Amino acid sequence: MAEPGKKFTILSFVGGGIRGLMSVTILKKLQTHFPDLVRRTDLIAGCSTGSIITSELVAGLPAAEIIEFFKHGEIKFYDNMDTDPDTPAYNIQDVYNSQHALHGDKLVSDLTRKVLFVTFNVGGLETSAEGVQTPIPWKPVMYTNMIPGHGNVSIAEAATSSGAMPGQLGSYMGNVDGAFFNHDPTVAAIALAVRAGHKLEDITAITIGTGMMHDWIASDTAQWGANQWMNGDANPFNSTPPFLMNQSKPGPILDMCLNGTSTELMPTLAGFLLGDRYVNINPRLPFFIPENTTYPQAIQLLQDKGERADTAHAEALIDAYWWNHLPDGPFEGESRNAAARR
């Protein structure tokens, strides 16, 4: 049970592929004023590219080094795309190798810093020695050291699982991208803190997004059937792009299920729970930036948006709730050079 009145702080990073560059740029901006921010955070939560950021932070990499990783290692990775829609666009083993280079076989449960990686297990069939097949239902998964038994997986496996977006990458250990849990892990992180005995009034959270890209369906959907909802219907604004890489047509129903919850619902619910002790830093992007873009103009835009993000509310929270607070236990990890990875 948590000590009564003890503060509990959360940094949460959402999914978005290369747009994670903007997230880390925002973090670097915050660390300009509060260099000890990460060390003073109780729980770091991540989904997809946010889990990669979480993994790199607990390895001790500074934000500036992670920025360089996105600008070089990630771009090199995304520049080698397989365009066959019947195979993953990228090799997931490359992602795992990059994470293993940071952590080796170290388990999530071995970390002293509290972490959360979200993913989704697709289930399958289990065959007994007698040949009997039993279905294993799919389910959301939280890899964390805050619940006994949920951290018995390597950090590299947890981060890779969280980023295994279908179409972009193959599944990993039967897991796919944390987007199918939710792109934004903040509410799950708050729930973990409450489970650990912290009262809501003692919890503070900052979510760092990967860009607000407002979406809509310009066509009249009143008479849409399954084909239009699944395969899209062209509109003059092209505002519903294909969600999956190598997907030939937009799938509005998929965008509605995944994008809508992360950009709107989760920040709203987190705000309901924490009130003014919560802030979501998620600058609006002027156009859709795919998760695997490597265009220099888009990369520069992401950095510019991160550097110019309004962080005033977050800075006030850090000053009030982080700066006189240190989590229990040391913060492990040493800065390493990410340039040689991937």
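The structure is a predicted model, in which local features need pLDDT of at least 70, side-chain atom pairs count only at pLDDT 80 or more, and totals for chains, interfaces and linings use all residues. Residues are numbered from 1 along each chain as its sequence is written, and side-chain values use heavy atoms, with hydrogens and water left out.

- Residues 11–190 are 38% helix and 18% strand, with the end C-alpha atoms 10 Å apart. Helices (H or I, at least four residues) and strands (E, at least two) are DSSP runs, numbered from the N terminus.

**Loop residue L244**
- L244 sits in the loop that runs between helix 8 (226–231) and helix 9 (252–274).
- With a relative accessible area of 26%, L244 is partly exposed (buried is under 20%, exposed over 50%, partly exposed in between; 1.4 Å probe, protein chains only).
- Leaving aside neighbours within four places in sequence, L244 is in contact (heavy atoms within 4.5 Å) with M165, P166 and L254.
- A164 is 80 residues from L244 along the chain, and their C-alpha atoms are separated by 12 Å.

**Aromatic rings**
- Rings of Phe, Tyr and Trp (its six-membered ring) pair if their centres lie within 6.5 Å; planes under 30 degrees apart count as stacked, over 60 as edge-to-face and the rest as tilted. The count by this rule is 8 aromatic pairs.
- The F69 and F70 pair is edge-to-face because the ring centres are 6.1 Å apart and the planes are at 65 degrees.
- F69 is buried at 2% relative accessibility, and F70 is buried at 1%.
- One aromatic cluster is formed by F77, Y78 and Y90.
- R40 lies over the face of W323, at 4.8 Å from the ring centre (the rule asks for NZ of Lys or CZ of Arg within 6 Å of the ring centre and within 35 degrees of the ring normal).

**Cavity**
- On a 1 Å grid over the protein atoms alone, a cavity is a set of points where a 1.4 Å probe fits but cannot get out; lining residues have an atom within 4 Å of a point.
- The structure holds 1 cavity of 30 Å³ or more.
- The largest cavity contains about 160 Å³ of space, where volume is the space filled by probe spheres set on the points, joined across faces, edges and corners.
- Its lining has 14 residues, of which I52, E74, Y78, G163 and L169 lie nearest the centre of the largest cavity.
- Helix 2 (49–58) and helix 3 (63–78) each supply at least two lining residues; the largest share, 3 residues, comes from helix 3.

Technical notes:
On a 1 Å grid over the protein atoms alone, a cavity is a set of points where a 1.4 Å probe fits but cannot get out, and a pocket is an open set with protein on both sides within 12 Å along at least five of seven lines; lining residues have an atom within 4 Å of a point.
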